[in-house]
Amino acid sequence: MTGGTGFIGSHTVVELQQAGYQVVIVDDLSNSKVDVIDAIEKITGIRPEFANFDLSDRAKTLAFFLKNSDVKAVIHFAAFKAVGESVTKPLEYYRNNVNSLLNILESMKLSGVSSLVFSSSCTVYGQPKQLPVTESTPRLPAESPYGNTKAINEDIIRDFCHAEPSIKGLALRYFNPIGAHPSALIGESPVGVPNNLVPYITQTAAGLRKELSIFGNDYNTPDGTPIRDYIDVVDLAKAHVVAIKRLLEGKNKANYEFFNIGTGRGLSVLELVNAFMKSTGVNLPYKIVGRRAGDIEKIWADTSLANNELGWKAVVPIEETLLNAWKWEKNVRNLK
Ligand code: UFG
């Protein structure tokens, strides 16, 4: 697994190990800490193997696959993911996110690994005209270089699987992943001031930030704030387990497939903030400020395809997800 010490990767290692899979993590720790591996071991009792290198280095990636000839499948999470930064550093984003995928695909072919699960995003839909979005909803031009790397990488996998029928690719289009493991031993650790809503909320609740700024309440939504489909990270991790199983058991219906991974339910920013206060009992100071550039108004998933084909469904209630995010933040900050 690439990016296995990151937010979604670490939760997926836990779920894979608990389902009986043996995992080797590849990560260069550019946006995560090596302590995550101890935390995974604490939760599952199993220490995953770990290789520290940059997958955009072709020679190192090829050498890794040739050495680890028992690898049966790849889950590719490793990527730069800050939307705003990608606008100011597009070449870094294209070089890292696209090259690492090219190196992985080339290595898979050379070493005979036939299954790939790819970490994609609902960002590929832009602001869809019809809601909820299904997998037949057209993709729209990406809003940022980061988003574009997701669309480009989906296309690269599709074309490669077409050219190499022995290789199977499956992309999971995540909606908004939030929460943390119920053990509070792993979770999301943004560097610096968080860009995303839930880390900003939990850091405000912990007293690190004065108040949450809500970016706009003049959208065309019931309370004026934008709507997203917030998916619990443990539910999301489990989607990878069923996806890998599908490929390894040859249950896929095409050699490139893609699925929406969300709850099917849209929540506004204000609804989420209120759910946080209700489930944690913590008061959250907030103010309404202007819109954030590039934000879309509303999006949520139609998850029928994942429900029916993968036999996967999001089950964790939003209150529990937010409580887990809060437990994790308190653990990180040593708060009671
Ligand atoms: N928001 C605030 N205040 C904040 C942070 C966020 O009001 O301090 C609002 C945003 O305006 C948005 C909602 O909370 O309406 C969710 O924002 P996030 O930044 O948490 O998530 P986004 O939907 O903007 O971004 C997510 C992923 C990206 C992906 C993008 C695609 O985090 O990786 O979806 O749209 F590219």
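Start at the ligand: a backbone N or O atom of Leu197 lies 2.8 Å from one of the ligand's oxygen atoms. This is a predicted model, where local features need pLDDT of at least 70 and side-chain atom pairs count only at pLDDT 80 or more, while totals for chains, interfaces and linings use all residues. Residues are numbered from 1 along each chain as its sequence is written, and side-chain values use heavy atoms, with hydrogens and water left out.

**Around the ligand**
- Ser213 has a polar backbone atom 2.7 Å from a nitrogen atom of the ligand.
- Asn176 brings a polar side-chain atom to 3.0 Å from a ligand oxygen.
- On its own the ligand exposes 680 Å², and the protein buries 88% of that (accessible areas come from the Shrake-Rupley method with a 1.4 Å probe; for residues, only the protein chains shown count as cover).
- Helix H7 (197-205) and strand E7 (212-215) are the elements that give two or more residues to the shell around the ligand (helices are DSSP runs of H or I, at least four residues, and strands are runs of E, at least two, numbered from the N terminus).
- E7 supplies the largest share of that shell, 4 residues.

**The whole chain**
- You'll find 11 helices and 12 strands in the chain.
- Of its 336 residues, 53% count as buried (under 20% relative accessible area, with a 1.4 Å probe and protein chains only).
- The C-alpha atoms fill a box of roughly 55 × 45 × 40 Å, taken along the principal axes.
- The chain's accessible surface is about 15100 Å², and 52% of it belongs to carbon and sulfur atoms.

Key
Polar contact = N/O pair within 3.5 Å; in protein donor to acceptor, adjacent residues only side chain to side chain. Buried < 20%, exposed > 50% of the residue type's maximum accessible area, 1.4 Å probe, protein only.
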